[in-house]
Amino acid sequence: MNKQLINIPKSLLCNCIDECFANKPAEDGYKLWLRYAPLPLETIDALKPRIRGLMSGAMSQTLSIACTELERGLSSMLLDEFACVSTTVPFDGAILFGTAKDHPLIAEQRLLLEPLGKEGYLIKSVEIDDASVTLIVGNDDMGVLYGCFAFLRMVQSGMDISQLHLASVPKLDLRMLNHWDNLDGSVERGYAGSSIWDWWTLPDYQDPRYADYARANASIGINGTVLNNVNASPMILNGDYLKKAAKLADIFRPFGIKVFLAVNFATPCVLDGLETADPMDALVRQWWKDKVAEIYKLIPDFGGFLVKANSEGQPGPGDYDRSHADGANMIAEALAPHDGILIWRAFVYASDPGTDRATEAYDEFKPLDGAFLPNIMLQVKNGPIDFQPREPFSPIFGQITETPVVLEFQVTKEYLGQATHLVYLGKAFEEVLRFDTYADGEGSTVARIIQGEIFPQRFTGMAAVSNIGNGRDWTGGIFNQANWYAFGRLAWNPELNSEDIAREWVRLTFCSDEAFVEPVVEMMMSSHETLVDYMTPFGLHHQMATGHHYGPGPWIDDLKRPEWNPSYYNQADEAGIGFDRTDRGSGAIRQYAPELWGLFGDKHGFDEKYLLWFHHVAWDFKMKSGKSLWDSLVIRYDTGISNVEVMQSTWQELKGYVDCRRFAQIEAYLAIQLREAKWWRDACIAYFMEVSGLPLPEGHEKPGHTLDYYKSLNHPFAPGNPE
């Protein structure tokens, strides 16, 4: 016997064995929510009479994928083998999937199919010739594939499948990920490794991961992907790169995912030497028409372009004294004959210094409402600043009424602790979607606006900045997968409940034992508020260190443009703190519906969690609790830390439910989160104490270091930093 092995510390054994913690195989997170773990034996015994085999008719490539998925999932979960059979004779426990054109038994159900549209599905328990059959059907192949994934979710979650009748139709047309991936393999604001696209080896080598990516997206209903960064390299429209993109489109097509490309407005000048990119120049307009025709020859179902123009140094029509509508219409005109869509980002802030950055997108685009061609959509960030931990909704939602708007979220946690902080964004997304804009009276929520229920939209959509990289767990941490998942589910139906989505994800990703599920869901549902407490309580925003946005920097005031400085947003001085957006300040509240003016303009009239977003408030301002604002701020910072400690304790108690590898990663990340939460608390309190001249409230610990110490910290190699 090798005595050296006996002396290995127990703390290291997790790195040396394949199984641990209740004999659970170690997992690296690659399978995401598609693990299809074996179900408890009693559940298997109950399900098997209902699932005896698979029936199908004609098989397209997409339906073959559906068949493979059912075989894989059911065989794994039920510890049995399943194979697709083509027969018109039903049998007890058959799962019949397909469209009316694929199988005569499905054709008999035509009345059930009519309401499903193109991508919808129906899962229904029926009796056919005295046989109990489960139908998974749609009007087209993608509806069937979505239905198969939904059925597998039900089985994995332990739902009763004996009397099913579930019809589901996506409420948004376009459900899209935006990859901020660069052609050199880096990812701007990416915290999960390098880009998953290996542009160097495409199109000759197709990494199997590309199909796994498409499968994961299809499982939650995502149907579009922008392959490259909105800060786009003109080279993406080079002929060689278009062939690479075409290969990805070939892989994604049977999964129902269309490829889009982000383009640089000045590409005609860079690629082909045109003297101008002026949208009114005939040669420039023809260049775009020719380039678009070239793309559609390679990618017949190409989705279209995403454009970031005249923002953060990107070129655009403003360089030629043209409007955003002028520039967008030129490119949209080239796409229109091919049924392509142009998505134009409304994220702009390039006006004169001193202008409230929160007002600039509205000011730029409201006058242009109705001036855009029909195949143009405006992509609008959820808030008026920049994916902050908490923002009110962008006033564009409800005020732009004649141009389709796409809601843009950020799944990658650029401003939310990046990869290591446990922050479930489903709750934050839901907060935005349920915000009442009063655009057409009470009940005009953001969710209803983007669905075209308040103002008719030719297209509807939701997009999100991806958090995906080439790390084995895809997202730089297991709990980050929940944000990708939640986005997909909410893009399918913005009315879904974020807690239900969290519970669903936990059951699929870990297990269905309620003793595990409920405390983890509770952690997730409280995690966003926890982060807001230790980073930006009561409506503070953009307090992150500049460039990499890692860690606090509320004191920074020396950057080139005022709106790049965190101090610009906190406005902290001896008198108080907060950004005045009332009529006494920037007047930003006037960009919202009149019903909100009084609410946002009254310090006591609106939820205190937005107080410092709209008001500059005295330090001794009396909060609803009866305490002063200063005391309340310190309490919130401390509450955030305490809640991270609660999450740590909860996770430790759940050790036996999770394999060692994933448990250890989450355990370590929670330790990082606690350390950085304390850093946020101490640095911010140290700064606000200095500018206010106030002492700490009694009973609260002083910061661990001096303010100069926190100012001296530097992190030039923080991940995701584009500089």
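Let's start with D130, which is exposed, with a relative accessible area of 75%. Keep in mind that this is a predicted model. D130 belongs to the loop between β6 (121-128) and β7 (131-137), and its phi is near 65 degrees, a positive value in a residue other than glycine.

On the peptide-bond side, the bond from L202 to P203 is cis, with omega near 0 degrees. P203 is placed in the loop between β9 (174-178) and α7 (208-219).

Now for a buried residue. A150 lies in helix α6 (residues 141-156) and has a relative accessible area of 3%, so it is buried. Leaving out residues up to four places away in sequence, A150 touches Y121 and I123. Its C-alpha atom is 13 Å from that of G138, a residue twelve places apart from it along the chain.

In soluble globular proteins, nonpolar side chains tend to be buried together. The largest nonpolar core here has 225 residues, and those touching the most other members are L74, F151, F252, F305, W651 and F688. Helix α23 (residues 660-692) supplies the largest share of this core, with 14 residues. F688 has contacts with L540, Q543, P554, N570, A572, I577, W619, W630 and Y637, again setting aside residues up to four places away in sequence. There is also a second, separate core of 15 residues, with A100, A131, V133 and L135 among them.

The axes of α10 (residues 282-298) and α11 (residues 324-335) come within 8 Å and cross at roughly 40 degrees. The two helices are therefore oblique to each other, and α10 passes α11 in a right-handed crossing. On the α10 side, the contact is made by V284, R285, W288, K289, V292 and Y296, while α11 brings M330, I331, E333, A334 and L335. Sorted by type, the residues of this contact come out as eight nonpolar, no polar and three charged.

Note on methods. Residues are numbered from 1 along each chain as its sequence is written. This is a predicted model: local features need pLDDT of at least 70, side-chain atom pairs count only at pLDDT 80 or more; totals for chains, interfaces and linings use all residues. Side-chain values use heavy atoms; hydrogens and water are left out. Axes are lines fitted to C-alpha atoms, for helices over the stretch in contact, and angles run from 0 to 180 degrees between N-to-C directions. Helices (H or I, at least four residues) and strands (E, at least two) are DSSP runs, numbered from the N terminus. Angles under 35 degrees count as roughly parallel, over 145 as roughly antiparallel, 65 to 115 as roughly perpendicular and the rest as oblique. A crossing is left-handed if the near helix is turned anticlockwise from the far one by less than a right angle, and right-handed if clockwise. Contact means heavy atoms within 4.5 Å. Ala, Val, Leu, Ile, Met, Phe, Trp, Tyr, Cys and Pro count as nonpolar, Asp, Glu, Lys and Arg as charged, and the others, Gly among them, as polar. A nonpolar core is a set of buried Ala, Val, Leu, Ile, Met, Phe, Trp, Tyr and Cys residues joined through side-chain atoms within 4.5 Å. Buried means under 20% relative accessible area, exposed over 50%, partly exposed in between (1.4 Å probe, protein chains only).
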